[in-house]
Each structure stands twice: as structure tokens, then as C-alpha cells.
Amino acid sequence: MTQVERVEHPPWDGEPIIISVFGGKGGIGKSTLAFLIAWLLGLVGRTLLVDADELQKEGGTKELYDLLEVDPSFDIATEEDPKKLAGLRRIRGYRFIVIDNAPHRDKKKLEASCDGDLIVVPLTLDHLEAKAIMSSLREIVIPSGRPYRVVINRVEANRKSKARRTHDSLDLVKIPVFKTHVRELAAHQDAGASGIPVTEGTNRTWERPAEDARNLVDELLAVLGQPDRVPRPRPAVVPKATTSARTSRKVTS
Ligand SMILES: Nc1ncnc2c1ncn2[C@@H]1O[C@H](COP(=O)(O)OP(=O)(O)OP(=O)(O)O)[C@@H](O)[C@H]1O
Ligand SMILES: [Mg+2]
């Protein structure tokens, strides 16, 4: 697979679209998702990722950005001040702004950072984590009145049916859920450590996590009413020798 051709996007004139990743629980994959969403949106239009979790020095989106070994597709800023977070909509030049929130439930800050166009809530299948995430959904996300969508995240290979059942239960109570379930794959951790986003690797084990990320962001763009889709890498050209080997094969009947 070859890499996606990168386009330099002109500054965006209008209001930015704000996507806030929030879960009210630590270690559920918020920063990993926020980073991938920003990366892929950055291929579609000018994007700013705001790390609103400044206290976290390790494993946050700012650190993932600083460790990048490839040219970033988006810009980064850190901001904790609720007033400034609330003012992000006035920023010009960016088509998309993605906010990576801290795990805490500081209501004032969250009201500011979640006052956007879509709140993305990663939900894991771990019982205790899910309980905490659902309570922050009920206490903070739903009362905010802002559009939101749950993404079932970090689904282990042996828990696909549990993920489907959880999806059905959320449907039943009319909680919007992304069709894409993000799988638990070690490649996400390898990518973070290597400084290469999972969608940019040529390693075959990165194809599945990259596929999840692209499908998720395609859905996100559709939910936001945007006509764009995430660009896919062009398939590698089949070497000529393989083609002639195939055509010269003898037909036996
Ligand atoms: N889909 C996944 N598959 C495997 N590992 C993952 C996945 N998503 C995240 N991880 C790993 O889990 C760990 C925690 O992820 P991450 O930092 O994104 O969570 P977080 O919710 O932002 O945590 P915090 O609340 O501490 O900021 C990281 O090591 C990350 O690489
Ligand atoms: Mg984080």
C-alpha cells in the first residue's frame, strides 16, 4: 500500500467545526482517538487539535504530536482555560477543531470544551469503565444539549458479540452510536511509540486499526453533514512479472 498524497489546504474562511472527545474516565482511548480523528480530518481540511489535558505530561495528544516522525497533517495547541476553550469557535483558519479532554469531570471546563458540534464519547466494554462513562454521559453530555455520539472502543477480538449487544442496548434507549467499533489492537500502542500514525504505516498489522479509524472518521464527517470522505491510500501497483505469470498459466481441461 502506498501513502495518501498530501494536499496543502488553504486557510478556512468560515466557522470551524468543533469535535470534542470526552469520556469522564481515564485510559479509555480518548487521546488515541482524538489524535487519529485530527490526523484524518487534517487530510480533508485545515485542522487544529487542542490538548485540554495539559497536566498529563505523558501519553497525551501533545506528547504524541511531539513524538511524530512524519510531517503532521494538523496543528496543535494546549489549552485548559475554560474561557479560551469556549472561544474556540471564534478562531479562523481551521475547518476542524478537535479537543482532547482530560478524564476529570470539571463541569465548568467541560461545558466550555463540549460546546461544539459533536461530542465523541468512547465507551469501553469493561464493566467499571462503562459504568463511569455512562454516568458522565448522563450527567454532563446529555444535559449539555449538544449533539453527541458514542463510539464503542477498544473491542477485544473475543468480545465482538458483547460489543454488538451493547450497541443494541444503546439503540434501544436512543443513544446515538457510531456503526464503526474500534478494535483493541496492539498496533495502536506501537504506532504511538514509533511516532507514526497507524494510518501511515506500511506494516500489514496496521491495516485493521487504520481501517477502523478511516471508517470512524467517514461516519463522523457524514454525521456532521460534510460531503468529504477520508482519502484512502492508493493500492500498490501490481508488478508486471506477476501479471504475465498469471496470463501465461496453462489452461488444462
Ligand atoms: N484501540 C486500542 N487498541 C489498543 N490499545 C489502545 C487502543 N486505544 C488506546 N490504546 C492504548 O491505551 C492506552 C490509553 O489510551 P489513551 O491515552 O488514548 O487513553 P485516554 O482515555 O486518553 O487516557 P487518559 O484519561 O489518561 O488521558 C495507550 O497506551 C494507548 O496506546
Ligand atoms: Mg488522554
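Biologist: What share of the 253 residues of the protein chain counts as buried, and how do you know that?
Modeller: The share is 48%. A residue counts as buried when its relative accessible area is under 20%. This is a predicted model, so the values are computed from predicted atoms.

Biologist: Why is a set of 38 residues called a nonpolar core?
Modeller: The name needs buried residues of kinds such as Val, Leu and Ile, joined through side-chain atoms within 4.5 Å. The largest such set has 38 residues, so it is the largest nonpolar core. I19, L41, V98, V120 and L220 have the most contacts inside it.

Biologist: Which element gives the largest share of this core?
Modeller: That is α1, with 9 residues. Other elements that give two or more residues include β1 (17-21), β5 (118-123) and α8 (207-223).

Biologist: How do you know what L220 touches?
Modeller: Contact means heavy atoms within 4.5 Å. L220 touches I19, I37, L41, L118, V120 and F178, leaving aside residues up to four places away in sequence.

Biologist: Which residues are among those of the other core?
Modeller: L123, L125, I133 and I175 are among its 22 residues. This core lies apart from the largest one.

Terms used. Residues numbered from 1 in each chain as written. Chains lettered and ligands numbered in written order. Predicted model: local features only at pLDDT ≥ 70, side-chain atom pairs only at ≥ 80, totals over all residues. Heavy atoms only, no water. Buried < 20%, exposed > 50% of the residue type's maximum accessible area, 1.4 Å probe, protein only. Helix = DSSP H or I, 4+ residues; strand = E, 2+ residues; numbered from the N terminus.
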